[in-house]
Amino acid sequence: MSTTPTLTETPTALRPRRRLLRGLPWLIVRQHRTALACVLGLAVVGTLWIVYQRYEMVQFLEARGWPEKEVRYAVDDSRSYGYISSLLSGLPLILAVFVGAPLIAGDRENGTAQLVTTQSVTRRQWLISKLGFAYTLALVCGLLLSAAFTWWWQPHRSFFLSQWVEGRIFDNTGPVLPALLLFMTAAGVTIGVLLRRLVPAMAVALGFTAVFSYVWDEIRIRLDSTQMFTYPKDTDLPARFDEAYEVDRWVGNAQGELFGWGTCAEATEKAQNACIEKHGIINDVIEYLDYDQMATMQWTAAGLLLAGTALLTGFVLWRVSRRPL
């Protein structure tokens, strides 16, 4: 006996497909799917590339008997490392200019924001969903790339010419990269909210990235207190300072007075010796940051960047909730 489907039954072909995201989050992901695919694709490819480069380097070192034997090798000399470093350094700019700046400015310019907020969605819901999308993208990319690069660099740091306090190492390892990407995304969003136009917002975000990069270079080495070490003049530093970052250098006498490194840089050896004798100079003195301070400095940096992200986000929420779209 055959059965005939009743009118109340829904044919399988007409049933809506289940989605991981629904409603406003799905709409925002679909709206920004190009940026999502490009940025996430860069992060995944970059992560896999780092993993491959680490594997290739480990194979090379083990074939030459490292760590039992000393091996001369510089990661920075490879072309692949240059590409990876450029990707990691350029990602904050990409997120600020191509994700953060257009996020709100684009919707305001083409009227999408006003249309969405009249369709049973409040302005705050729309904004929170937008920010959630951008911040999640920044966080996922930062965590992926930072974890992979830290895994590559930390056990093999002696083969990297860049010092640990330099941006290409410090900013791309540990908690700094995710926090930096969040901050730059928030900065781009804030610029877009203030300017309300897509192209000007992207241009200003580009300029802000360049200025912030310069300022951040100055802030980085001031994230922790420097230390001083005195040792006899014209002798070598102990081996434990191989990984220390030298901030400044002086010469000193037995009373602890410090003089500039070039104080006795005279034209002749006789004049130089006379100057040294006059000031009683017997020591070399360095001001330095120790490698053991890196973790503290990175968490301090991440804290500052996250605090900046929170402030910018609060400003954006306040600004959009009070100004017409």
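Strand β2 (residues 245–253) pairs with β4 in the antiparallel sense over eight bridges, where pairing requires at least two DSSP bridges between two strands and strands are DSSP E runs of at least two residues, numbered from the N terminus. This is a predicted model, in which local features need pLDDT of at least 70 and side-chain atom pairs count only at pLDDT 80 or more, while totals for chains, interfaces and linings use all residues. Residues are numbered from 1 along each chain as its sequence is written, and side-chain values use heavy atoms, with hydrogens and water left out.

Within β4, Asn283 is the bridge partner of Gly252. Strand β1 (residues 227–232) also runs antiparallel to β4, joined by six bridges, and Gln227 stands opposite Tyr288 of β4. Of the nine residues of β4 (residues 281–289), eight are buried, that is, under 20% relative accessible area with a 1.4 Å probe, protein chains only.

Turning to the whole protein chain, there are ten helices and four strands, helices being DSSP H or I runs of at least four residues. Among the 325 residues, 41% count as buried.

Leaving aside residues up to four places away in sequence, Leu95 touches Val39, Gly100, Leu137, Ala138, Leu181 and Thr185.

Technical notes: Contact means heavy atoms within 4.5 Å. Buried means under 20% relative accessible area, exposed over 50%, partly exposed in between (1.4 Å probe, protein chains only).
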